[in-house]
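Colleague: I have just opened this model and would like to talk it through with you. Let's begin with the pocket.

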Amino acid sequence: MTKIRVVRKQKSTSDKDALLFNNLGNAHFCKGNFEEALNAYYLGLEIERVKLEPTHPNIIVTLSNISETYRQRGDMEVAVQTYMEVLLLQLERFGVFHPETAKTLHVIGLIYDQMGNLQYALGCLKYVIALQRDFKCGESQNLSASLTHAGCIFYRLNRINTAMEYLYEALQLEIKREDTQELPFILYNLGLCYQAEGSYNSAIKCYTKSLELEIKTLGKDHKDSSATNFKLGEVFSVIGRFEKALSYFQNALRIGRKQVNEKMDSNTEIRILIEIGYIYCYQGNVSCTEN
């Protein structure tokens, strides 16, 4: 486990020096130079802790930057530790019912999810949702994001009905906001839920609408549409509509292979090829099956 470093105090420092170090940290962070970013942030933090009160907003921002840098670097345990420190300062400075407090708790939930600790993640998210829904901490899109994330975790825990409740609430919020940016992802996950419980027609409706919005907002060859095409192929294959399934599987394969920055992983490609092979085999198309 990575240890949180301690930086020695600098001589003859000022608030402007702290700002310079933080700006330098931001520049390194944007370039993916996380070690250099951490060095700069810690130097700025050391100055701020000398010059400012313990719960000053500048200290909270710098600690948040440090926490997110650890997270992006993959040091999840340290990221949780430093985000917890941020949360304690926010609770002291702003109180429980504040958007920034809810935001930090949500990020902690995300990290627990990334670490595979789904129960801890859900605990954080349920508290965040209560703050956002019941006490209006933050805007509706923040509540929608929290509901969607919780719904995805419930799906992974095989609690399908609960997952659908959270996802439908998120869906209604996004429809009210008339914002289509998050709708494809919510609809895709609702499709997963319907598919898991065997409601294939409903799954097809969700996946189809998700794909339509993905093409509209991201373009027809975006990587997200590859996954949605694959799921449509799966469902149509299960209900015996093999021509439809084949078309969607072929689209998924074509789009996935077309990606430059995020190439399709070999396991996904093999899965699609196997599904296509099964359909050709069922159709008696031996030459295509061998290919």
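Colleague: How do the residues lining the largest pocket divide into nonpolar, polar and charged?
Modeller: This is a predicted model, with local features needing pLDDT of at least 70 and side-chain atom pairs pLDDT 80 or more, while totals for chains, interfaces and linings use all residues. Residues are numbered from 1 along each chain as its sequence is written, and side-chain values use heavy atoms, without hydrogens or water. Ala, Val, Leu, Ile, Met, Phe, Trp, Tyr, Cys and Pro count as nonpolar, Asp, Glu, Lys and Arg as charged, the others, Gly among them, as polar. On that basis the lining has five nonpolar, four polar and seven charged residues.

Colleague: Which residues does arginine 257 contact, leaving aside neighbours within four places in sequence?
Modeller: Arginine 257 sits in helix H12, residues 242-258. Its C-alpha atom is 8.4 Å from that of glutamate 269, 12 residues apart along the chain. Counting heavy atoms within 4.5 Å as contact, the partners of arginine 257 are Met264, Glu269 and Leu273.

Colleague: How are H4 and H5 oriented relative to each other?
Modeller: Their axes, lines fitted to C-alpha atoms over the stretch in contact, with angles from 0 to 180 degrees between N-to-C directions, come within 9 Å and cross at roughly 165 degrees. The contact includes Tyr83 and Leu87 of H4 and Leu105 and Ile108 of H5. Its residues divide into 14 nonpolar, four polar and one charged. With angles over 145 degrees counting as such, H4 and H5 are therefore roughly antiparallel.

Colleague: And what is the angle at which H5 and H6 pack?
Modeller: Among the residues that meet here are Leu105, Gly109 and Tyr112 of H5 and Ala121, Leu125 and Val128 of H6. This contact has 12 nonpolar, three polar and one charged residue. H5 and H6 are therefore roughly antiparallel. Their axes lie 8 Å apart, and the packing angle is about 160 degrees.

How values were computed
Helices (H or I, at least four residues) and strands (E, at least two) are DSSP runs, numbered from the N terminus. Angles under 35 degrees count as roughly parallel, over 145 as roughly antiparallel, 65 to 115 as roughly perpendicular and the rest as oblique.
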